[in-house]
Amino acid sequence: MAELITKKDVILKAEHIDKSFGVTHAVKDVCLDFSRGEVRGLIGENGSGKSTFCSMLTGIYPIGSGKFVLDGKELHVKNQVEANREGVSIIVQEMGTLSGLTVAENIFLGNEDRFVKAGIKNGGAMNREAQSYLDKYGFNHIHAGDLIDNYDFEDRKLIEIVKATYFDPKVVVIDETTTTLGQSGRQELYKHMKRIRDDGNTVIFISHDLTEVIEQCDTISVLRDGALIDTVQAKDVTEDDLKRLMVGRELGDRYYRTDYGEPVSNEVVLSVKNVTVPGQIKNISFELHKGEILGIGGLSECGMHEVGKSAFGASYDRTGEVTLADGTHIDSIPTAIKKSIAYVSKDRDNESLVISDTIRDNICLPSLTELAHGGLLFGKNMNGFADKFASLISVKMTGVGQFVSDLSGGNKQKVALARWIGKDSDIIVLDSPTRGIDVKVKADIYALMSEMKKQGKSIIMISEEILELLGMSDRILVMKDGEISGEFQRSAELTEEDIIAKMV
Amino acid sequence: MNELNLEKKSFGEKVGDFLGKPVVRAILPILGLVVITLLLDALTHGKILQASSIKLMLSQVYVLMIASTGVFMIMTMGCLDFSQGSMLGIASIVVCYLSFYSIPLAIIGGMLTGAAIGAVNAFFHVKRKIPSFIVTICTMYLFRGLCSYFASKKPVAAVSTISAYNTIPIKLGITIAVLLVAWFIFTFTKVGPNLKAIGAGEKASRFAGIKVEKTKWLVYIIAGAITGLAAFVNIVKVGSVTPSGGTMLETQILIALVLGGMPVSGGPMVRFSNVICGVLTFKILASGLQMIGLATERSQLIEGIVFLIVVALFSDRRSLQVIK
């Protein structure tokens, strides 16, 4: 395969590209060659680093370390306009056009100078040129002089295609654009991808739709956890091969539970019935038993995170019922907390923790009522309480007065857990409890979960990591497109493939 | 995306880190108060610390101190209130009208008026989700207009016997009572940690079980009622309201609190001592500059500069973007 790539003319080389956001290592030492005249698929799970990689290529983020070499010349771009001048452009995942401007102004954003003579912008010439491009692309129904707000999402994506490609860039990045396009929009996009390739330029195509990737791409590169896993020929692989490359992980499961076949109590502690959150989840129903670890898995956008929020009474516009064994309806966070439900969000910095507050306050907040004696709260009691539970799960800190924002991801997560251990909640909802956490702390969290189970507490663990689900859960619910698509009991025979088959 | 800059820190950032330390934050405002007092005392050849000047300054402190206590709670949540001046004006008019019937009724009326205006602010901020500074700037103009409507022909005067309450024990007593109650609640109940948490992060506070919306409603209403009480103290002293009654109070409160070391964005760094230190520093600075013999315009200029310096030094840039 290496031979095949060297045979072709390399247009873009990524050399040891690396990038970190704080403690998250988003892209790890990626080296990739892109050939002239190819459509290259770039796939990987969410957070695998695809978008970050392309954002560095196109100047949206500064490069952490390493370099991009385009046509033998190192790229130094600080923003998208500079990237365009060098011949690299991007169609972004989100809305990439600006409201309040005309179609033509959007297309020539950052390049208005070419229509300026003696300080005056020739709007007519700009519109005429934009219209000629629109016509050339076959988008005659779009008028260059109109405000972009007059067009729907799909047309605005078509305008973005023109904006990103009219100047014949050497490399065009298309970042998860198809998810927002309908069938006809997709066909238009595919047509232009082929045209760009046939002109001898290169398309980097990011998508979660594996069928589409295999059909439209020549070669496919797979990223996982920020690292490059492999580059394969599209005609040689099946969707299953790609899934395995994307999701597969090294076997590091020695710290998971080892018991199998132990019965779980029949006592239902929480029942979720026909819960729907518009645009997120549809008709979700399940029961949680005493002393059970219930795993919920799926792709990131499958709605499973919202299920956790719903069980905690935190979803907006929820319909359906979340009921406790004693018949209490959980429909607000204060009720949930009062009734011994705990929730650790996937969004650690915005939801799980008040990060610009102290460790003390973070641990004490839900327990303030219990901490007060006759309504009176003393700093001494708060310090003692926070210190007790932070020490219990060994949070690395200078003291409980330290700010949570100064802690590493793993330690932040420990503070979030300490809060609920202190509250002594009976039902604990953990969303992605080990996301971005190193192996050592991961093991601590798994041990803690086993300990809670032993104490008869019930846990809902929502996770994107399949091995974690297999390793820790008594039962696994798999979700797809906002609905439960499969249910598995704990078993040594259960494999990743079984789960993935229901996820995708 | 938050870019964590873990590399070399500039001198400014180092100064910021030093000033951000809790111990420094606790001591600096008190130190500032002492230094400003001594400096101005020296410049005025000992006039500031004379009994007569202290008495004069005290007489000007009450209204600002009482009203600042309420705004202190609002600002701890990371919100602002610019309608305080107009609120004081309207509440003072109500106090005047009702003083002809009975003084207790006047006090209650003033407080209810303040509470009602606080509720209007809370409605637009909490229910309609408009940033508090925009809401309160609007209500500032709205109620200033109402104030002029009632007082433009001639000042609204209170019953003349109200001046019987114009004694130091009563005014000082009310002020100290407000401070004590607020200090107690802020320090020894869950109100303090809850308000600080809201200031530090509203969403995360919600997930910790704090009733964010309800808390905001209550704080705006209580702060309004406290300002209503300040309106009574104001009327006791001045006896009548002109269309401009209470003008600039909101700015004075903001400057005073910030001089007292209060972070503009609220949150966990807030301490109750910020109110007392801030109001005293502000009043001593203002009267000291006058005693030196500076014209009002020039002393305002200096106050403005001092304010800017303090804000620049004390604001926590990480959280400034979350002012609500």
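Predicted model: local features only at pLDDT ≥ 70, side-chain atom pairs only at ≥ 80, totals over all residues.
Residues are numbered from 1 along each chain as its sequence is written, chains are lettered from A and ligands numbered from 1 in the order in which they are written, and side-chain values use heavy atoms, with hydrogens and water left out.

The count between chain A and chain B is one salt bridge, together with seven residue pairs in polar contact, both residues being at pLDDT 80 or more (a pair of N or O atoms within 3.5 Å; within protein, one must be able to donate a hydrogen and the other to accept it, and residues adjacent in sequence count only if both atoms are side-chain atoms). The contact (heavy atoms within 4.5 Å) takes 34 residues from chain A and 26 residues from chain B. About 2400 Å² is buried between the two chains, of which carbon and sulfur atoms give 65%; this buried area is the accessible area (1.4 Å probe) that two parts lose on being put together, summed over both. Glu351(A), Leu365(A) and Leu377(A) supply 19% of the area that chain A buries against chain B, more than any other three residues.

Within chain A, Ser207(A) is found in the loop between strand E10 (202-206) and H8, and counts as buried because its relative accessibility is 3% (buried means under 20% relative accessible area, exposed over 50%, partly exposed in between; 1.4 Å probe, protein chains only). The side chain of Ser207(A) makes a polar contact of 2.6 Å with that of Glu212(A), and a polar atom of the Ser207(A) side chain lies 2.9 Å from the backbone nitrogen of Asp209(A).

In helix H9 (residues 239-247) of chain A, the buried residues are Leu242(A), Lys243(A), Met246(A) and Val247(A). These residues lie on the same side of H9(A) because they cover an arc of only 115° around the axis, the arc being that of the directions from the helix axis to the C-beta atoms. The elements against which they pack include strand E3 (39-43) and helix H8 (210-216) of chain A.

Key. Helix = DSSP H or I, 4+ residues; strand = E, 2+ residues; numbered from the N terminus. Salt bridge = Lys/Arg side-chain N within 4 Å of Asp/Glu carboxyl O.
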